[in-house]
Amino acid sequence: MASKTAGSTPPENPAPQEEAVLQINKISASDISASLKAGFADFLTRPVMSGFFGLFYAMFGILFVWCLIWLGAIWMVIPAAVGFPLIAPFAAAGLYEMSRRMQNGESFGWSDILTVMIDQRNREMGWMAFVTLFVFWVWFYQFRTVLVIVLQDSSFSDLDGFLNTVFFTPEGWIFLAIGTCVGAFLSAVLFSVTVVAMPILLDREIDFITAMITSLRVVRENPKVMLAWAAIITVTMVLSMIPAFLGLIFTLPILGHTTWHLYQRAVQPAEA
């Protein structure tokens, strides 16, 4: 597929040039399988560069949680760890660009990929970053609200005490149940509006509202397939975070590359 961006710096204040309504394709489980294979192949083609994004993401997660503990914000550790995957689509922007260039047979170096977000500064990617971070903030806010309401009579001064309260008391179980339901809702919303929106914005000159609507249409037209893809992402990310976030070094790049190829199958390619 011929790309309109070709990795070059976009012009100042470009007007969207793509069609207002993009055509959505019907996809199946075989498309997920094929996309996973293509994503893994992309990872093996440039493992060091791909792994860099996974390493950066993992190190940021470790540093984030450590800072919360150091600052004494014990209650924020769980929402930070659980909600951290919410920002993965934005963190994987460089991986989408790598897959795009490899698919088009374009050569690229570190500077081409590491500056991809800077090159997008005059386009709509910044708005998608705002949407992602806003949902992440809402996740923290609702977590704190539920914590205050449900665990108002509990006391804990360290992480062990907090975890013991949450996992081994009736109030903690209620807290987990409510938090899980709200978190699942927010995750579903963010997944639906970003699953292909980020790749679209890298691939086409289009506004972020249209990109989000297109992402929602992909989910609506392929609910079972996209639910399966969401489950794969969730399970993989959770398991990858168990060993101190380090599994993300490998899984984030593979999932990022795979997302690009799934987008290519779910949305009709732009005309050359």
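Predicted model: local features only at pLDDT ≥ 70, side-chain atom pairs only at ≥ 80, totals over all residues.

Reply: Residues are numbered from 1 along each chain as its sequence is written, and side-chain values use heavy atoms, with hydrogens and water left out.

Me: How many helices and strands does the chain have?

Reply: The chain has 14 helices and 0 strands. Helices are DSSP runs of H or I with at least four residues, strands are runs of E with at least two, and both are numbered from the N terminus.

Me: Why does Val-146 count as buried?

Reply: Buried means under 20% relative accessible area, exposed means over 50%, and partly exposed lies in between, with a 1.4 Å probe and protein chains only. Val-146 has 12% relative accessibility and therefore counts as buried. Its place is in helix α8. Across the chain, buried residues make up 49% of the 272 residues.

Me: What makes a set of residues a nonpolar core?

Reply: The members must be buried Ala, Val, Leu, Ile, Met, Phe, Trp, Tyr or Cys residues, joined through side-chain atoms within 4.5 Å. The largest nonpolar core has 75 residues, and Phe-175 and Trp-229 are among those that touch the most other members. Helix α8 (residues 125-150) gives the most to this core, with 11 residues.

Me: Why is α2 called roughly antiparallel to α5?

Reply: Helix α2 (residues 47-70) and helix α5 (residues 93-104) pack at an angle of about 160°, with their axes 9 Å apart. Angles over 145 degrees count as roughly antiparallel, under 35 as roughly parallel, 65 to 115 as roughly perpendicular and the rest as oblique, so α2 is roughly antiparallel to α5. Axes are lines fitted to C-alpha atoms, for helices over the stretch in contact, and angles run from 0 to 180 degrees between N-to-C directions.

Me: Which residues meet where α2 and α5 are in contact?

Reply: Met-49, Ser-50 and Phe-53 in α2 meet Gly-94, Leu-95 and Met-98 in α5.

Technical notes
Contact = heavy atoms within 4.5 Å.
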